[in-house]
Amino acid sequence: MNVQTGIARTLNAQASGFIAKNTAVTVVDTAAMTVNIKLVKILFGSITGTVTDSVAGTALAGAKVYLRTTTGGGTILDSATTAANGSYTIANVQAGIARTLRAQDSGFVTKNTAVTVPDTAALTPISRLLR
């Protein structure tokens with residue numbers, strides 16, 4: 001490929017399952033130029049937890065738990081409903097990105113918790129909802 005020398009360009013490297021990366025380059029002469037780009041694999045983990053009544057300490061069955069972005073008005077990315085024992089799991093959550101976990105149930109105050117799934121590990125927050 002012929003690229004004019006002396007002009008800054010941006011190379012964009014992307015592959016499925018990896019974080020895309022932009023690299024600035026400037027061809028300095030007419031010789032061939034090699035640019036090596038290392039892409040970082042996207043890692044996923046899960047969030048498991050329990051939603052309980054903060055006063056009685058009992059599990060809340062049927063409570064909704066939402067995984068939301070921290071920007072853009074908190075767009076819902078995923079959700080779960082708690083089981084009879086108050087437990088829930090949200091799987092396939094991209095690691096390393098700050099998110100908001102919102103737990104809510106009828107008659108209780110909604111609780112937001114900041115979460116970031118570590119590299120491929122499970123994160124276990126516990127939400128206690130107030131009446």
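In what order do the four strands of the open sheet lie? In this predicted model, the order is β7-β6-β9-β10, with antiparallel pairing. β7 and β10 (111–115) are the edge strands, each pairing on one side only. From one strand to the next, the twist averages 20°.

Strand β6 (residues 64–68) has four of its five residues buried and is thus described as mostly covered.

| Strand paired with β6 | Residues | Bridges | Sense |
|---|---|---|---|
| β7 | 76–81 | five | antiparallel |
| β9 | 99–104 | five | antiparallel |

Individual residues show how these strands line up. Lys 64 is placed opposite Thr 81 in β7 and opposite Gln 104 in β9. Tyr 66 faces Arg 102, a residue of β9.

The largest nonpolar core has 16 residues. The members that touch the most others are Ile 47, Val 51, Val 65, Leu 67, Tyr 88, Ile 90 and Leu 101. At least two core residues come from each of β5 (44–53), β6, β8 (87–94) and β9. β8 contributes the most, with three residues. In soluble globular proteins, nonpolar side chains tend to be buried together.

Leaving aside residues up to four places away in sequence, Leu 101 touches Ile 47, Val 65, Tyr 66, Leu 67, Tyr 88, Ile 90, Lys 111, Asn 112, Thr 113, Val 115 and Pro 125.

Conventions. Residues are numbered from 1 along each chain as its sequence is written. This is a predicted model: local features need pLDDT of at least 70, side-chain atom pairs count only at pLDDT 80 or more; totals for chains, interfaces and linings use all residues. Side-chain values use heavy atoms; hydrogens and water are left out. Buried means under 20% relative accessible area, exposed over 50%, partly exposed in between (1.4 Å probe, protein chains only). Two strands pair if DSSP finds at least two bridges between them. A nonpolar core is a set of buried Ala, Val, Leu, Ile, Met, Phe, Trp, Tyr and Cys residues joined through side-chain atoms within 4.5 Å. Contact means heavy atoms within 4.5 Å. Axes are lines fitted to C-alpha atoms, for helices over the stretch in contact, and angles run from 0 to 180 degrees between N-to-C directions.
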